[in-house]
Amino acid sequence: MGLRIHFVVDPHGWCCMGLIVFVWLYNFFLIPKIVLFPHYEEGHIPGILIIKREFWELCNKCNLMRPKRSHHCSRCGHCVRRMDHHCPWINNCVGEDNHWLFLQLCFYTELLTCYALMFSFCHYYYFLPLKKRNLDLFVVRHELAIMRLAAFMGITMLVGITGLFYTQLIGIITDTTSIEKMSNCCEEISRPRKPWQQTFSEVFGTRWKILWFIPFRRRQPLRVPYHFANHV
């Protein structure tokens, strides 16, 4: 069965969408053409605010201009800035805006899995078995089997998430996404090697390492040195 398109005729929705399109066109075309570029030509603003556009490229699938190191996701149907991969576990692409949240998801999943495994192992050696007050109670009769199944799922989860987390850390340290590794399009000589503090700071949007572990904040793009800007 093909993909069915659900089209809703809603005047209120059309007004909201029309307003969004107007604001987008106004800020994307009129503001740069009427305000930014004339100020740039007169020398009122630095060229670094506009020079990044020179390094954009045309996507051959959606026919839109995109920054370097972007990739078109066939599942999402659009380009993603600095796309690492499409993750089915979050039903979304992992890219520049949410890569830091994906790393936190892997990290805290590992902590939670280790805690669950520790609880399961302690059950075997330290916890007394449940008292058989009621033989018809399912948990009492199958307590050991339930804990064994939980331990098996925990070990499986820990092995999988550890491998994923390790590949993500190596990718950030080497400043290479998973797609770039598979396509072999980013050689070490193509751009200068950054220190690991710089690459992690760019992913998390801050140089404060304590904030790398806090998900309840808003990520801001980190300003990088100009000699790295042409390669980001």
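Mentor: Welcome! A salt bridge is a side-chain nitrogen of Lys or Arg within 4 Å of a carboxyl oxygen of Asp or Glu. Keep in mind that this is a predicted model.

Trainee: Is lysine 68 buried or partly exposed?

Mentor: Buried would need a relative accessible area under 20%, and exposed over 50%. Lysine 68 has 38%, so the class is partly exposed.

Trainee: How many residues apart in sequence are the parts that arginine 69 and glutamate 180 tie together?

Mentor: The two side chains meet in a salt bridge at 2.8 Å, N to O, and both residues are buried. Arginine 69 lies in the loop between S2 and S3, while glutamate 180 is in helix H5, so the separation is 111 residues.

Trainee: Which residues join arginine 69 and glutamate 180 in one network?

Mentor: Arginine 69 also has a salt bridge with aspartate 175, at 3.4 Å. Through shared partners, salt bridges link Arg69 and Glu180 with Arg82, Asp175, Lys194 and Glu202.

Trainee: How are helices H4 and H6 oriented to each other?

Mentor: Their axes are 8 Å apart and meet at an angle of about 110°. Angles of 65 to 115 degrees count as roughly perpendicular. H4 and H6 are therefore roughly perpendicular.

Definitions and conventions
Residues numbered from 1 in each chain as written. Predicted model: local features only at pLDDT ≥ 70, side-chain atom pairs only at ≥ 80, totals over all residues. Heavy atoms only, no water. Axes fitted to C-alpha atoms, helices over the stretch in contact; angles between N-to-C directions. Helix = DSSP H or I, 4+ residues; strand = E, 2+ residues; numbered from the N terminus. Parallel < 35°, antiparallel > 145°, perpendicular 65-115°, else oblique. Buried < 20%, exposed > 50% of the residue type's maximum accessible area, 1.4 Å probe, protein only.
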